[in-house]
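Please keep the sequence and the model at hand while reading.

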Amino acid sequence: MTEKKKTTIVLFSGDYDKAMAAYIIANGAAAYDHEVTIFHTFWGLNALRKDEDIPVQKGFMERMFGKMMPRGAGKMGLSKMNFAGFGPKLIKDTMKKHNAMSLPQLIEMAQEQDVKLVACTMTMDLLGLKEEELLNNIEYAGVAAYLADAEEGNINLFI
C-alpha cells in the first residue's frame, strides 16, 4: 500500500483572489486523494472569519483590528484592481456568469473533503481574534504543528 501524499499551504494573504487560488489547489489536491492542510496566518485568517459580528470581550487595539479587517471570505478585497471595493463585485459577477464557485463555497467544499483548516494561534493573539469569531470545525495550532505537517509534505506552498 502506498502512503498518502500530503499537500500543505500557508495562506498568508488576505486577498480574495489569492485565497481562492489556495482553496482551488487544496480542493484539487484533496480530489487527488492528498491529505491537505491549509495553515491560515496573519491576513489569511480573514478567510476563516464568520460573516456576522460575534460579541466578544476585546481591548481597544483588538477591536480596531477587528473593524479594519474584512469579516468573512466573501468580503476580502482583490490583490489588483480592487477599485475601492468595485473590483471584487466585478470578479464575483463574472465568476457567477461562468458558474465558478465563490471563495465561501470553495471553503465549504474543502471542509467537506476533510481538508485540515488551521488557524494560527499566535496570529490570533496578535490580532485579537477569538475562536468564536472563526468558522466551526477548524483547528487551532502554532507554527510547530504546521512544520510537522510540512516536513512530510510532497507539496508545500506559501500564498
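With which residue does Lys6 form a salt bridge, and how far apart are the closest N and O atoms? The partner of Lys6 is Glu152, and the closest N and O atoms are 2.4 Å apart. A salt bridge here is a side-chain nitrogen of Lys or Arg within 4 Å of a carboxyl oxygen of Asp or Glu.

This is a predicted model, in which local features need pLDDT of at least 70, side-chain atom pairs count only at pLDDT 80 or more, and totals for chains, interfaces and linings use all residues. Residues are numbered from 1 along each chain as its sequence is written, and side-chain values use heavy atoms, with hydrogens and water left out.

**Salt bridges**

- Helices (H or I, at least four residues) and strands (E, at least two) are DSSP runs, numbered from the N terminus.
- Lys6 counts as buried at 16% relative accessibility, whereas Glu152 is partly exposed with a relative accessible area of 47%. Buried means under 20% relative accessible area, exposed means over 50%, and partly exposed is in between (1.4 Å probe, protein chains only).
- Lys6 and Glu152 also belong to a network of salt bridges that includes Glu35.
- The whole structure has eight salt bridges.
- Side chains of opposite charge can pair when their charged atoms come close.
- Another of the salt bridges joins the side chains of Asp149 and Lys116, at 2.8 Å from N to O. Asp149 lies in helix H6 and Lys116 in strand S3 (residues 116–120), so the pair ties together parts that are 33 residues apart in sequence.
- Asp149 is buried, with a relative accessible area of 17%, while Lys116 is partly exposed at 25%.
- Arg71 and Asp53 also meet through their side chains in a salt bridge, at 3.5 Å from N to O. Arg71 lies in the loop between H2 and H3 and Asp53 in the loop between S2 and H2, so this pair ties together parts that are 18 residues apart in sequence.
- Arg71 is partly exposed, with a relative accessible area of 25%, and Asp53 is exposed at 56%.

**Cavity**

- There is one cavity of 30 Å³ or more in the structure. On a 1 Å grid over the protein atoms alone, a cavity is a set of points where a 1.4 Å probe fits but cannot get out, a pocket is an open set with protein on both sides within 12 Å along at least five of seven lines, and lining residues have an atom within 4 Å of a point.
- The largest cavity holds about 40 Å³ of space. Grid points are joined across faces, edges and corners, and a volume is the space filled by probe spheres set on the points.
- Its lining consists of Lys6, Thr7, Thr8, Glu35, Val36, Thr37, Lys116 and Asp149. Strand S1 (6–11) and strand S2 (35–40) are the elements that give two or more residues to this lining.
- By type, the cavity lining has one nonpolar, three polar and four charged residues. Ala, Val, Leu, Ile, Met, Phe, Trp, Tyr, Cys and Pro count as nonpolar, Asp, Glu, Lys and Arg as charged, and the others, Gly among them, as polar.

**Pocket**

- The largest pocket holds about 170 Å³ of space.
- Among the residues that line the largest pocket are Asp53 and Arg71, together with Arg49, Lys58, Arg63 and Glu133.
- The lining of the largest pocket divides into three nonpolar, one polar and seven charged residues.

**Loop residues with positive phi**

- Asp33 is not a glycine, yet has a positive phi of about 65 degrees. Asp33 sits in the loop between helix H1 (16–31) and S2, and is partly exposed at 48% relative accessible area.
- Phe42, also a residue other than glycine, has a positive phi near 40 degrees. Phe42 lies in the loop between S2 and helix H2 (60–68) and counts as partly exposed at 27% relative accessibility.
- Phe42 and Phe12 are 30 residues apart in sequence, and their C-alpha atoms are 5.7 Å apart in space.
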